[in-house]
Amino acid sequence: MKKQLLVLVLAISCLYSGVSRAALISVLPQQSQITKGQDLVVDIVVSDLGAGIAKSVGAFDLNLSFNTDLLSYNSIRFGNQLDIFGFGNGFGSLQYSAGDGVHGVNFGELSLYSAKQLNELQQSSFLLASLTLTSLAAGSSDLSLAILSLADAEGQALSSQIADTNINIQAVP
């Protein structure tokens, strides 16, 4: 009986050892409520990756959508985990962003580091980018992320989930 139980436990553990959790990309505004005319910083964070092992991010291409009647795109600051040694845009990674004024902003980054370096040095959870938006009018806007591309350190598609949110903008008293 003990032997059968041991075989069953080993079989179940083998089934689950091949299951890979999806990376989670979260939209995290630094404030949940702002006033018209105020800037809002929105962090885009990836988590549920390997720490010092495979399942790291080598590239991403994302769209952040919001109500452009209520918010406008100002600027972006990329995180430091795709450009691990901090060489900068064009040397450690390639970075881009473009706000279209209609739907939101498209942004992305491609690491120029080897898969070995990314897998060994990248953290399991980190900031992909911080976007600064300015509030234009009172109201509520969804902050919705679309993943156009998310690749691991070897350029293979990385499974993922998204955690969107919203922001409330109050009129100036």
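This note goes through the fold, the side-chain contacts and the surface of a predicted model.

1. Basis. The model is predicted, so local features need pLDDT of at least 70 and side-chain atom pairs count only at pLDDT 80 or more, while totals for chains, interfaces and linings use all residues. Residues are numbered from 1 along each chain as its sequence is written, and side-chain values use heavy atoms, with hydrogens and water left out.

2. Overall fold. The chain has two helices and 11 strands; these are DSSP runs numbered from the N terminus, with helices (H or I) of at least four residues and strands (E) of at least two. Read from the N terminus, the order is α-β-β-β-β-β-β-β-α-β-β-β-β. Of the contacts between residues at least 6 apart in sequence, 77% join residues at least 24 apart, where contact means heavy atoms within 4.5 Å.

3. Surface and burial. The chain has an accessible surface of about 9,300 Å², and carbon and sulfur atoms account for 55% of that. Accessible areas come from the Shrake-Rupley method with a 1.4 Å probe, and for residues only the protein chains shown count as cover. Of the 173 residues, 36% are buried; buried means under 20% relative accessible area, exposed over 50%, and partly exposed in between (1.4 Å probe, protein chains only).

4. Aromatic pairs. There are five aromatic pairs in the structure. Rings of Phe, Tyr and Trp (its six-membered ring) pair if their centres lie within 6.5 Å; planes under 30 degrees apart are stacked, over 60 edge-to-face, and the rest tilted. A second example is Phe-85 with Tyr-113: the ring centres are 5.5 Å apart and the planes stand at 65°, so the pair is edge-to-face. Phe-85 sits in the loop between strand 5 and strand 6, and Tyr-113 in the loop between strand 7 (104-111) and helix 2, so the pair ties together parts 28 residues apart in sequence. Tyr-113 is buried, at 11% relative accessibility. Ring pairs also link Phe-60, Phe-78 and Phe-107 into a cluster.

5. Nonpolar patch. Phe-85, Phe-87, Phe-91 and Leu-121 make a nonpolar surface patch of about 480 Å². Patches are made of residues with over 30% relative accessible area and no salt bridge; like charges are joined within 9 Å, and nonpolar side chains (Val, Leu, Ile, Met, Phe, Trp, Tyr) within 5 Å. Phe-85 lies in the loop between strand 5 (71-78) and strand 6 (93-99), and its relative accessibility of 46% makes it partly exposed.

6. Ser-93. This residue is in strand 6 and is buried, with 0% relative accessibility. Its side chain makes a polar contact of 2.6 Å with that of Glu-109 and another of 3.4 Å with that of Gln-95. A polar contact is a pair of N or O atoms within 3.5 Å; within protein, one must be able to donate a hydrogen and the other to accept it, and residues adjacent in sequence count only if both atoms are side-chain atoms. Setting aside residues up to four places away in sequence, Ser-93 touches Leu-82, Asp-83, Gly-88, Glu-109, Leu-110, Ser-111 and Leu-112.

7. Salt bridge. How many salt bridges are there? The count is one, with a salt bridge taken as a side-chain nitrogen of Lys or Arg within 4 Å of a carboxyl oxygen of Asp or Glu. The partners are Glu-120 and Lys-116, at 2.9 Å from N to O. Both lie in helix 2 (residues 115-121), four residues apart, about one turn of the helix. Glu-120 is partly exposed at 45% relative accessibility, whereas Lys-116 is exposed at 56%.

8. Asp-48. Phi of Asp-48 is near 65°, a positive value in a residue other than glycine. Asp-48 lies in the loop between strand 3 (39-47) and strand 4 and is partly exposed, with a relative accessible area of 30%.

9. Thr-165. Thr-165 belongs to strand 11 (residues 165-170) and is partly exposed, at 27% relative accessibility. Leaving aside neighbours within four places in sequence, Thr-165 contacts Val-27, Pro-29, Asp-142 and Leu-143.
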